[in-house]
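User: I would like to learn how to read the features of a protein model step by step, with the general idea stated before each case. Could we begin once the structure is on screen?

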Amino acid sequence: MTDIAGLTSSKTVKLQRNEIIETTFISFDRLNPLGKKVKTNSNALALIVGVERYKNTNADALYADRDAKMFKDYASEKLGVTENRIKTLLNDKAEYAEILLTTKDWLRRASKTNKSDIYIFFAGHGLASDDGKNMYLLPYDGRPRLLNDTALMRDRLFREIKEANPRSVTVFLDTCYSGTTRGTDMLVASRPIMIKAKEQSIPDNFTVFSAAAGDQTSKPLEEAKHGMFSYFLMKGMEGDADTNNDNKITARELHTYVEQNVIQQSSGSQTPELQGDKDRVLVQFN
């Protein structure tokens, strides 16, 4: 600026923007098995297994034991299984021999021929054989490099359950068989990056929910501190999956609800699968 005497002056104005850091986050409702009531099914049984930390691998299955603990409440409150007919095996209690013995002994003795409805929930690691033909569930003491000797073959588990001659069997598997984990580790470092498990047939009266396709990873839902599949499975059982509001949830309805939410939250990298009777009613509200 110049005045009448020809003198020039200047003024500098400095504008400073205060940096505002905004954080965005996604939140999910807490799981709540209480609410809508169901009738007790005195002929129902549930075997629930959850393994987060393993004896022979450092690769954790994040939140798997937490999933199993919570599912016990859903077995009671939403599937109608009485608490004295629910067997839960967590972490070091879920050894190979204990799972097998529980299936061969407790499950068979407690089951009633052509009357019992059996529910199996497993959260933890799974692996497929190198050729993809066999699927294994990894118990607490299993060794990923010795699957045939230390892991439970899925088909064998199904055969043992079938020998109890139950009316129906519903299996929920929050695991995958690709060799990847809920975290960032590989179960066997020397294996190929990805093994694709081949689809296997199931017995006639079985309905099987799987967390992911054969070459995918079963992921955690960090915001909820649960497995992604397990969280939406249980949330759906609360009534969210009853899309036609008829107070019952079929296998098809539950799978559709879980599939839509898991695909969305995994950005399309995890697709739950369903085999068996899609019209079977799983949850019947009063």
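Analyst: The protein has 6 helices and 13 strands, where helices (H or I, at least four residues) and strands (E, at least two) are DSSP runs numbered from the N terminus. This is a predicted model, in which local features need pLDDT of at least 70 and side-chain atom pairs count only at pLDDT 80 or more, while totals for chains, interfaces and linings use all residues. Residues are numbered from 1 along each chain as its sequence is written, and side-chain values use heavy atoms, with hydrogens and water left out.

User: What percentage of the residues of the protein count as buried?

Analyst: Buried means under 20% relative accessible area, exposed means over 50%, and partly exposed lies in between, with a 1.4 Å probe and protein chains only. By that criterion, 52% of the 286 residues of the protein count as buried.

User: How should I read the strand order of the open sheet of 6 strands?

Analyst: Two strands pair if DSSP finds at least two bridges between them. Here the order is β2-β1-β3-β7-β8-β12, with mixed pairing, and the edge strands, β2 (86-90) and β12 (273-275), each pair on one side only. From one strand to the next, the twist averages 10°.

User: Which strands does β3 pair with in parallel, and through how many bridges?

Analyst: Strand β3 runs parallel to β1, to which 7 bridges join it, and also parallel to β7 (residues 168-174), again through 7 bridges. As individual examples, F121 in β3 is the bridge partner of I48, and A123 stands opposite D174 in β7. On the β2 side of the sheet order, β1 and β2 run parallel and are joined by 5 bridges, with A46 opposite I86 in β2.

User: Are the faces of β3 covered or open?

Analyst: Both faces are covered, with D117, Y119, F121 and A123 buried on one side and I118, I120 and F122 buried on the other. For the strand as a whole (residues 117-123), 7 of its 7 residues are buried.

User: Which strands does helix α1 lie across?

Analyst: Axes are lines fitted to C-alpha atoms, for helices over the stretch in contact, and angles run from 0 to 180 degrees between N-to-C directions. Helix α1 (residues 64-77) lies across β1, β2, β3 and β7, running at about 165° to β1. Helix α2 (residues 96-110) also packs on the sheet, where it touches β1, β2 and β3, and its direction makes about 170° with that of β1. The buried residues of α1, among them M70, F71 and Y74, pack against β1, β2, β3, β7, β10 (226-227) and α5.

User: How does the span of α1 compare with the expected 20 Å?

Analyst: The expected span of a helix is 1.5 Å times one less than its number of residues. With 14 residues, α1 reaches 20 Å from its first C-alpha to its last, which is close to the 20 Å expected.

User: What is the strand order in the open sheet of 3 strands?

Analyst: That sheet has the order β4-β5-β6, with antiparallel pairing. At its edges stand β4 (126-128) and β6 (152-153), each with a single partner strand, so one side of each has no neighbour in the sheet. Strands β4 and β5 (residues 135-137) are joined by 3 bridges, and M135 in β5 is the bridge partner of A128.

User: How many aromatic pairs does the structure hold, and how is a pair described?

Analyst: A pair of aromatic rings is described by the distance of the centres and the angle of the planes. Rings of Phe, Tyr and Trp (its six-membered ring) pair if their centres lie within 6.5 Å, and planes under 30 degrees apart count as stacked, over 60 as edge-to-face and the rest as tilted. The structure holds 8 aromatic pairs. The rings of F28 and Y231 have centres 5.8 Å apart and planes at 70°, so this pair is edge-to-face. It links F28, in the segment before β1 (44-50), with Y231 in helix α5 (residues 228-240), 203 residues apart. Y231 counts as buried, at 3% relative accessibility, and ring pairs link F28, Y231, F232 and Y257 into a cluster.

Definitions and conventions: Contact = heavy atoms within 4.5 Å.
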